[in-house]
Amino acid sequence: MNTVTVKALGFLAQRLPEGKAVTLPIPAGGLDVRTAMRLAGLPEEEVFLAVVNGRRVTLDQALAPGDEVTFVPPVAGG
Amino acid sequence: MPGFTGKILRVDLTTGEVSTETPPESFYRRYMGGRGLATYYLFKEVPPGTDPFDPANLFILAPGVLTGVQLAGASRAAAGSLSPLTGALGSAEGGGFWPAELKRAGWDALIVKGRAARPTWIYIDDDRVELRDGSALVGKTTGEVEALIRETLRNEAAGGRAAGNNGQGGPAGDGPGGATVGADKAARVRIAQCGPAAERGVRYGNVVFDLSHFAGRCGNGTVMAAKNLRAVAVHGSRAPDVADPEKVKELQRYMATTGLEQAAKFSEFGTPRTVLPLNALGGLPTRNFREGDFEGASAIDGTALNRTLLSGTHSCYACPIGCKRNVKAEAPYPIDPAYGGPEYETLAALGSCCGVADLAAVCKANEICAAQGLDTISTGVSIAFAMECFENGLLDTKATDGLELHFGNGAAMVTMVERIARREGRLARLLGEGVARAAAEIGGRAVELAMHVKGQEIPMHEPRLKHGLGLGYEVSPTGADHCHNIHDTVFAKTVKGVIPLGILETIPADDLGPAKVRLYLYESNWLHFIDSAVLCHFVDWSKDQVVEMVRAVTGWNTSLWELEKVGERVANLGRLFNVARGLGPEADRLPDRFFQPFARGPLQGVAVSREAMDRARRLYYGMCGWDERGVPTPAKLEELELGWAALPSA
């Protein structure tokens, strides 16, 4: 399938519809991490970093079909 | 007086004397309460060379100038003592309802010295203070102690003193048989206590407020137990005065609207939601800090907790956020929701740090720690240490009394918590001394596996992710601590919270340059003020709002600058307290493990740089106005109005 899956952790997950993972199609021109973030409704100022298939990436990284991108908020602790 | 009552309750358990100290307003303005007050009295009255278990040690419970006001986060008190775990300053904070109740009773702090001849509990009913016979409480869980105290007070309300209660009248005592207690007071009384683990001498006994709130670290509960003091029950009938009630109402309105929206992240999942993000970043302590990510992380995260064992939530005094968890279960482990539920630190310390992905086991272990009065961080790290020793052949099944103490064995972890609490078996007794002493006893490679600074076990935040936090672990006056510390990942993204301190640019999490050291200095000093005020760290008041709060409550024409200086004063007095006890710069060191790179994971190849950390630490001393041995200079002490505390020159 020509799609990517977008997930978010911590309080960032509440930004996704019903807090669940979002599936996005990859348009003809391609899809980068930053655009996927915006399409999923995640504000950039709340994203600390992105992880694609378990590896840390920059927001300019191009996504391939089947990729899973996870957005991580800046976290303190408890 | 608005903000403080001007009365400190002093109890000498050796003589039975109960008295009142009345410091001037300037004392409160300089030290605020909480950690500031505790550090001041510990410095003044506990001579260097005193053993923490000696009656000459002090046990202090101190709310602060903000405690008891109807504002979210104004629910906390510090517990303080000379720590039996570190031999250094012991200062930890907890919330719930007890701290506000002490202020309502008309007291700013309780300072206990000496040791009672018999087990004792203290009953405070406004200005009536009674030292009661606590023999019935010995060995009981914290839940049983609450029930017993309430039953005692209920029986008294029903008519006359129950036999066995040997009340000594306080300043307003009626004499034997004359005191009556309303039945409603029995229900509303708030209880602070240490647990049976502290009675048995485990060095990291915590102080428990209202069963599910904990001043966890430093072993202050152990000092309480060493004085033969098991509980302090308080009833207070008068809300503290505030200087500007209109301003307080304005802050309340803010918190009820904007503040609550921003706090939604905590309301639903609490701190447990931190597990998966830290795991993704490679900063979730796993298997005794050998790794930074855990294959079982999703099983012990906040979403898993909410989906499975969470039975409810609860709040502290005056707070609408409700971040506290309740956990209930029947099988395989029965868990009582009266003890609350695990915070992030607990899920990591007894979970990933022990390699355990069994949420029920972690929740059961949390319940045992609450019932027995054990700090969950020190308990988890002690067990993780034992697990790594076991896997490396430093301990065998003979040493563990048959337990297969491998990483990941949740049942063994739960058994070990129970044994540590009861001090059953040689290994459990040893682990109850803390990892530093346990490693020294086991010998050999065990010393490399003991994860502590100054004897206090490392909390659940990884210096190889948050390098400035690593500096904070090294130099904290209470040993490794994650609360009066910075979390670099936040400041790598935004400096919104610290712009009023003049910090204008974000700094990468792995940076240890001068800007990071300055950030750590300014923000940790601020947090020492917050822990003196005493405010919750999780309520998102801005620094400007906190200044407004202090002005509104006390009527003081204060400023961010003055409050930052209070924090600096408290940090310096804490440093001096430790210097006087022989702690030098060699005690400001991270364990070697953090200077070794992760072999795998999101932070594969990343280590803390020894040179960068050493440079950062020395720069920190200089920025503090300390000499190259980390001793505050006479000029710095005078600037902070601590000239009276200057140590005699060698």
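The legends below describe close-up views of a predicted model. Residues are numbered from 1 along each chain as its sequence is written, and chains are lettered from A and ligands numbered from 1 in the order in which they are written. In this predicted model, local features need pLDDT of at least 70 and side-chain atom pairs count only at pLDDT 80 or more, while totals for chains, interfaces and linings use all residues.

**View 1. The open sheet of chain B.** Six strands are arranged in the order β2-β1-β6-β3-β4-β5 (chain B), with mixed pairing. Strands are DSSP runs (E, at least two residues), as helices are (H or I, at least four), numbered from the N terminus; two strands pair if DSSP finds at least two bridges between them. β2 (17–21) and β5 (89–94) of chain B each have a single partner strand, so one side of each has no neighbour in the sheet.

**View 2. Strands β3 and β6 of chain B.** β3 (residues 59–63) and β6 (residues 109–113) of chain B pair in the antiparallel sense over three bridges. B:Phe59 stands opposite B:Val112 in β6(B).

**View 3. Helix α2 on the sheet of chain B.** Helix α2 (residues 34–45) of chain B touches β3, β4 (77–82), β5 and β6 of chain B. Contact means that C-beta atoms, placed from the backbone, lie within 7 Å.

**View 4. A:Asn53 in a loop.** A:Asn53 lies between β3 (49–52) and β4 (55–57) of chain A. A:Asn53 is exposed, with 12 other C-beta atoms within 10 Å; exposed means 12 or fewer such atoms, buried 20 or more, and partly exposed in between, with C-beta atoms placed from the backbone. Leaving out residues up to four places away in sequence, A:Asn53 touches A:Asp67 and A:Glu68.

Methods:
Contact = placed C-beta atoms within 7 Å. Axes fitted to C-alpha atoms, helices over the stretch in contact; angles between N-to-C directions.
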